[in-house]
Amino acid sequence: MTTRLLAAGVGLAVLLPALIFGGVIAVEIIIAVVSVVVLTEYAAMAFPKDRNAAFAWLLVSWSVVYGAWLYGPLVGVGPAFGGLVLCTLVFVTMRPGNDLSRAADHTGRYLLGVGWIALLSSFVGLRRLDDGLAWVFLVLVISWCG
């Protein structure tokens with residue numbers, strides 16, 4: 001518990017000034033850094049035997065979705081995720097040495113990880129709104145209270 005409180009204190013000391021004074025650019029950078037950390041942890045949990053290859057694929061996949069979210073029109077996220085589904089199916093089934101009986105399980109784990117972690121991108125969308133800082137703080141307070 002002490003470690004979590006210490007990490008929260010340091011995180012708040014960096015996060016709050018960046019959110020208040022850094023604007024949307026700071027939120028984009030923070031979300032990118034946090035997403036890479038979370039992808040590392042997810043790859044270790046979901047793919048313990050092959051975490052490096054899984055992390056590489058998850059990072060590439062997340063980059064496509066995050067890039068579509070940030071720099072493409074909002075309708076660009078759907079086609080990006082659709083293309084990602086097809087590429088993930090090909091990656092999982094055509095990779096040498098992969099057990100095809102577990103292909104559906106691995107595909108689901110990859111897509112769940114990318115979709116779940118890409119939800120962090122919604123903070124950028126919240127920050128871009130009028131009164132976006134207030135919305136971001138509301139989400140953070142609700143999360144911290146939980």
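This is a predicted model: local features need pLDDT of at least 70, side-chain atom pairs count only at pLDDT 80 or more; totals for chains, interfaces and linings use all residues.

Let me start with the charged pairs. Side chains of opposite charge can pair when their charged atoms come close. How many salt bridges does a search of the whole structure find? The search returns two.

One of them joins the side chains of Glu28 and Arg128, with a distance of 3.0 Å from N to O. Glu28 belongs to helix α1, which covers residues 2-46, while Arg128 belongs to helix α5, residues 122-128, so this pair ties together parts that are 100 residues apart in sequence. Are the two partners buried or exposed? Glu28 has a relative accessibility of 10% and therefore counts as buried, the cut-off being under 20%. Arg128, at 41% relative accessibility, counts as partly exposed.

The salt bridge between Arg109 and Asp105 has its closest N and O atoms 3.2 Å apart. Here both residues lie in helix α4, residues 103-118, and because they are four residues apart, about one helical turn separates them. Arg109 is partly exposed, with a relative accessible area of 27%. Asp105 also falls in the partly exposed class, at 30% relative accessibility.

Let me remain with helix α4 for one further residue, Thr107. At 8% relative accessibility, Thr107 counts as buried. Which residues does Thr107 contact, once its neighbours within four places in sequence are left aside? They are Thr88, Leu89 and Val92.

Those contacts bring us to helix α3, residues 77-94. This helix has 18 residues and reaches 25 Å from its first C-alpha to its last, close to the 26 Å expected at 1.5 Å a residue. Its buried residues include Val77, Ala80 and Leu84, together with Thr88 and Val92. These five positions cover an arc of only 95 degrees around the axis, which puts them on the same side of α3. On the other side of α3, Pro79, Leu86 and Met94 are exposed.

What do the buried residues of α3 pack against? Their partners are α2, residues 51-71, and α4. Thr88 and Val92, which are buried in α3, are among the residues that Thr107 contacts, and Thr107 itself is found in α4.

To close, I return to the two salt bridges. The pair of Glu28 and Arg128 links helix α1 with helix α5, whereas Arg109 and Asp105 both sit within helix α4. Thank you for your attention.

Terms used: Residues are numbered from 1 along each chain as its sequence is written. Side-chain values use heavy atoms; hydrogens and water are left out. A salt bridge is a side-chain nitrogen of Lys or Arg within 4 Å of a carboxyl oxygen of Asp or Glu. Helices (H or I, at least four residues) and strands (E, at least two) are DSSP runs, numbered from the N terminus. Buried means under 20% relative accessible area, exposed over 50%, partly exposed in between (1.4 Å probe, protein chains only). Contact means heavy atoms within 4.5 Å. The expected span of a helix is 1.5 Å times one less than its number of residues. The arc is that of the directions from the helix axis to the C-beta atoms.
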